Amino acid sequence: MKFDAVIVAAGKSERASGNKIEFVIGNDTVLSRTVGVFYAIKEIERIVLVVRKDEIDFAQSVISEYDAGRFRIVVGGESRSRSVYNGLQATVSEGVLIHDGARPFVSEKTIFDVMNSVERFGSGIPALPVNDSVRSVKDGVVTGAVDREGLYAVQTPQGFRRDEILKAFADAGDKEYADESILYSEWIAPARIVEGEERNVKITTRGDYGALNSRVGIGYDVHTLAPFRKLVIGGIEIAHEMGAVAHSDGDMAIHALIDALLAAIGESDIGTHFPPDDPRYLDADSSLMLTDTVELCKRANYKIVSCSIIIVAEKPKLADYIPVMRVKIANLLGITVSDVSIAAKTNEGVGEIGKGRAIAAYASAVVC
């Protein structure tokens, strides 16, 4: 089944004290971050952006880096329901996904789970059980306790068969709904729940935006040195009489960075993703391994913000190589050189590193 996605970004953002779809996260705006994850999914044929009339230029700037043929920009209505309906009119595929433009952290996994549910059951609504205690309140006073058993907080994207959700809108007339799962459940059938993600939060207030947490990972790697091997550090071949003893090219700086990125996104370590006994990685270029790791970050909808690497080597001296390393790694990560920090330290003659028989690297990475 093919899908179209309707990204609803036509709200007034009154509680956010500013237009939240233009808020900046890392190097992206909220809307561009949201659009990017849907654009990467080839099963989504058309992406419909529903915006206010005064945001059309901004929406066009967001999609300017993509294939414009996959997009439609539609002006929203006076309410969420009207905006969604306007967007649905521009869809053509059998399945539709309806997503809040201010949920920039949705992952491909959630989107595919919703699409699979639509194919099997006709609908898919990501949701999480409510963990906090719930009370009914009137005039600032607690009037009762609500049993949270069976209570779920719904998220987006919400997926449906296009003909069915359009029929629900037609049957409902001018009646307004908080979201499409209620509309669908009332006029078509009970909506089907799939497991949501805690990270798939919606930015509603300025406080939500201010509370967005970046994730930090730390990595480490060390290799002994031996004659007649190349020495590669930070993706750059270094002139030296010895090189790293390793299954791959032994680039300890990039290996530490890979571990830092994997840790930041909650993945297992480098040895799991690039096993040292796998013949595919014999003498492998670690830059290619880093490229694969960056793609893994993208699929999980994490953006790399910055990184820092410390190389501990008694010799050779690395000062002249560091500027080139920074450019190389910035290009591999898709960030600016100013967001890549690399420093070289000695081990003051201590241990194998201090004797020039090994080199180590520490790395940290920030993603959001």
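This is a predicted model: local features need pLDDT of at least 70, side-chain atom pairs count only at pLDDT 80 or more; totals for chains, interfaces and linings use all residues.
**Ser81**
- You will find Ser81 in helix α3.
- Ser81 counts as buried because its relative accessibility is 1%, and the cut-off for buried is under 20%.

**Helix α5**
- Helix α5 spans residues 162–172, and its buried residues are Ile165, Leu166, Ala168, Phe169 and Ala172.
- As background, an α-helix has 3.6 residues a turn, so residues three or four places apart point the same way.
- The other side of α5 holds two exposed residues, Asp163 and Ala170.
- What do the buried residues of α5 pack against? Their partners are α3 (80–88), β6 (95–100), β11 (158–161) and α6 (180–187).
- After α5 comes Gly173, which has a positive phi, near 65°.

**Cysteines**
- How many disulfides does a search of the whole structure find? The search finds zero.
- Cys297 is in no disulfide, and the nearest cysteine sulfur, which belongs to Cys368, is 11 Å away; a disulfide would need the two sulfur atoms within 2.5 Å.
- Cys368 is likewise in no disulfide, with the sulfur of Cys297 as its nearest cysteine sulfur, 11 Å away.
- Cys297 is buried, with a relative accessible area of 1%, and Cys368 also counts as buried, at 8% relative accessibility.

Definitions and conventions
Residues are numbered from 1 along each chain as its sequence is written. Side-chain values use heavy atoms; hydrogens and water are left out. Buried means under 20% relative accessible area, exposed over 50%, partly exposed in between (1.4 Å probe, protein chains only). Helices (H or I, at least four residues) and strands (E, at least two) are DSSP runs, numbered from the N terminus. Contact means heavy atoms within 4.5 Å.
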